[in-house]
Amino acid sequence: MANRHLVWLCVILFVSGCSEMEEMKFKKVLVIGIDGMDPGITKQLMEEGRLPNFQRLAENGSFINLNTSYPPHSPVAWTTLATGTNPGKHNVFDFIRRQPGSYLPELSLAKSASGIGGTNYESYVMSDPFWRITTKNKIPTTVIRWPVTFPPEKVKGNLLSGLGVPDIKGFLSGYTYYTANELTTKDKALKKIIKVEQGEIIKTDLFGPKRRKDGEIIDVISPMEIRLTENSADIEVGGKSHTIKPGEWSDWIRVGFKAGFRTAYGIFRAYLISLEPFEMYITTIQIDPVNPITDISFPDAYSRQLVEEIGLYYTLGMPEETDGLVDGKISDEVFLQQISQIEEERLKMFWKEFEAFKQREKGLLAFVFDASDRVQHVFWDEKVLEESTPGIDINPAVEKYWERKDEFLGKVLDQIDEATLLLVLSDHGFTSFERSVSLNTWLVQEGFMKAEIDEDAIFFETVDWSQTQAYALGFNSIYINQKGREPEGIVQNKELVIQKIIAKLEGLKDEKTRQKVVNRAYPASEVWSGPYMKNGPDIIVGFNPGYRASWQTAVGKFSKEVIEDNDKAWDGDHLVDPKFVPGVLFSNQELKTDTAGQTDIAPTVLDALGLPIPEEMEGQSLIR
Amino acid sequence: MSHLKELEDKSIFIIREAKNKFKNPAVLWSIGKDSTMLLWLCKKAFFGKIPFPVVHIDTGYKFKEIYEFRDNMAKEWGLDLRIVKNEEALAQGMGPDKGKFECCNTLKTEALKLAVKEHKIDALLLGIRRDEHGIRNKERYFSPRDKQFRWKLARKKEGGDSPYESLQDTEMSGWNLFATDFGPEADHVRVHPILHWTELEVWQYVKQENIPMVDLYLSKKGKRYRSIGCECCCMPVDSEADDIDKVIEELKKTTTREREGRAQEKEHLMQKLRSLGYM
């Protein structure tokens, strides 16, 4: 009898023990993503006392490095963070992927299902992000500007798509610069420089979606008239006039492009550089959130509701005008003004959704800021290949950005309760980009590829595939010209070629700096696993800091030299060996580890909300 | 030798080869420009008289101009014309309203199968050209078909490292070497004497030889047909070309545009890729 009681007592204790563990769970999770937040810079600024709120969070909770994905590209990393899986399972391997069954590159952010100017897109992501699981479990879920969430998917709440949302042309960016000056040879090579005639009235066009007419690809255009007065310009578009002075940004301007029966609406802002000679810069024309040509949010009306509450906003995946800055068409100051516009809009979105989140009993809010990444890409002062002084040279623009983010974090910390798990994290860190490496030229030089080195040739036009063992596409990816997989594949013993290339790459030295270019090159099978490996590259190149693949490499082009100086204003980057560029992870909880990987984040989010972790996810909950 | 003469010589060589190597060749005539030019070449190959049957698959839905032209030419050129119709399907009401694919399949493909069987055709000459469609890029001059009319690319064999051998190795056309023996598995062989011609060259040759053509190809009220067949399934294109010279001029413009279009497409893709800031 006594024994029996004892058994019951044990059962009761065990069950109550379990329920106690359940109760330890949080009611809510707030994930704040900050693209490119680097642990080195963060620590340095914290030590200098310039990030008091990040300091407070680290002291009351935790601050650890978050190991990034192979390779450390934003689309790969954010997808890994969202799904808890590696690229072999989630199917995003690089910014650029090769079109299956061809040697042609394509963007891996979203698949355009209907060619030129198409408005049907599909996602490449093949595993479930955590918001799909919370949605299935009926937990209020809102996701704002998380990269690679275009096209938008259904959630139990709101979703606004981030990186991957195209502009009105179906591109990822594209400014237009109007000038009365004569065009220089350099201008002619740039993306969109329009020559106008100086006069009281300047008649020109805005360039909209592409379409096909009689076999030709043409721009759909919409007229723009600019009336110059003594000290300002009136920009007339679609029957509305907007006045701006030199040195000022206009407010949002709406434009309609008539293509067939449909009108595609776009919005842009103009910056007037000077009245005489007339010079004006306009941002990439964004999809109008009030009347989008393709959905950019779930529910589809959410993008419009947001406008009612916070005004018009940048909708493009990567709206920061880095190209204009890199091409010298806008100054640092003007670029930073544009960054401030984006940040302001994003903060308004945050506080709107955070207010709603605060009122909820249960819920998930995942919110990503990414101007941080773009500011660091173009304002990176450190030169790792030249300097050996300790510490990072931080550009004032970068410093200011982080100080502002610290203020923002302070306000968040003041308002979250104990039932909320807070994770502040980044997808990767940062380093300098000083030397540019053309992997295809290197493959030719080493005899792995047979091609005529022609700098004008595009998409491997000059390659003799019958004598080519490997080719590079994207920023860290080498593919074997495999028999049966590639259209003109020749390699039967893939492993052998992979080993040969890796050995050569790891031995590659830069004659100028006398340094090793590649830290390690990884066979895909060493760092990835899963059913979609066949879509990805065979080798992931882990560059040493200071080096990055050339843009020519990314699109199947050649440079004359294997390694050249990077003389562009895009001087910071992170497309190196993942070991050098981990991201950060802050939490208001004490994490039970001092190192974590990106695949741990999705399991942590689900665990905190008391949901089972799907088998597919590779990481572990960090709050156990 | 002029360019058109070279094209003509090659076609005539293939036509004669087909006559020599097969017992019962026949030529398929849709009355369109390509097959009408093919008939002209057959006439030339055998000095004015085509020594094998000319088969016309009649769907019953062709333009009336086509029927008139067919009957006139058959008389003028002394053709051994065999008109084949899938009477059974037509009697059961087959037509374009039953679905385009279904209609084409029944009234064209099935009728052709009947013709091949009925007339014991072992080689069928057709006027297809490589520039018509991407899928025809891979076609050969002599191309075997099995009983289901599928393109017969390989046959089983004993020994060796593969159980199949290819029936379609690259033709050594530069040497005038064409495989014509495809063994018993090939039901019949398709012969494509004008595979290497382009649409523009066809019209240039039509002009040079003054080959009669159905006038549907010429513009009336701003529209003309670029290809003809059944009345219900053909759409005219906008065109002011009301004689052959103008057709040639029009095609010269469009072919350059098509070529420019392909280059443009590459440029478009490159622009799109480079719109990623990292470029």
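1. Strand β29 (residues 518-523) of chain A pairs with β30(A) in the antiparallel sense, over 5 bridges. Within that pairing, Ala521(A) stands opposite Val541(A). Note that this is a predicted model.

2. β30(A) has another antiparallel partner. Strand β26 (residues 477-480) of chain A joins β30(A) over 2 bridges. Here Ser477(A) has Ile540(A) as its bridge partner.

3. How many residues of strand β30 are buried? The strand covers residues 539-543 of chain A, and 5 of the 5 are buried, so β30 is largely enclosed by the rest of the structure.

4. Next, the two sides of the strand. In a regular strand, side chains alternate between the two faces of the sheet. Ile539(A), Val541(A) and Phe543(A) point one way from β30(A). Ile540(A) and Gly542(A) point the other way. Residues on both sides are buried.

5. Now chain B. Its secondary structure comes to 7 helices and 10 strands. The chain has 279 residues, and 48% of them count as buried. Take the contacts between residues at least 6 apart in sequence: 71% of these join residues at least 24 apart. Chain B exposes about 14700 Å², with 51% of that supplied by carbon and sulfur atoms.

6. Two cysteines of chain B deserve a look. Cys103(B) has a relative accessible area of 10%, under the 20% cut-off, so Cys103(B) is buried. Cys230(B), at 12% relative accessibility, also counts as buried.

7. A disulfide is a covalent bond between the sulfur atoms of two cysteines. Over all chains, the count of disulfides comes to 0.

Terms used:
Residues are numbered from 1 along each chain as its sequence is written. Chains are lettered from A and ligands numbered from 1 in the order in which they are written. This is a predicted model: local features need pLDDT of at least 70, side-chain atom pairs count only at pLDDT 80 or more; totals for chains, interfaces and linings use all residues. Side-chain values use heavy atoms; hydrogens and water are left out. Helices (H or I, at least four residues) and strands (E, at least two) are DSSP runs, numbered from the N terminus. Buried means under 20% relative accessible area, exposed over 50%, partly exposed in between (1.4 Å probe, protein chains only). Contact means heavy atoms within 4.5 Å. Accessible areas come from the Shrake-Rupley method with a 1.4 Å probe; for residues, only the protein chains shown count as cover. A disulfide is a pair of cysteine sulfur atoms within 2.5 Å. Two strands pair if DSSP finds at least two bridges between them.
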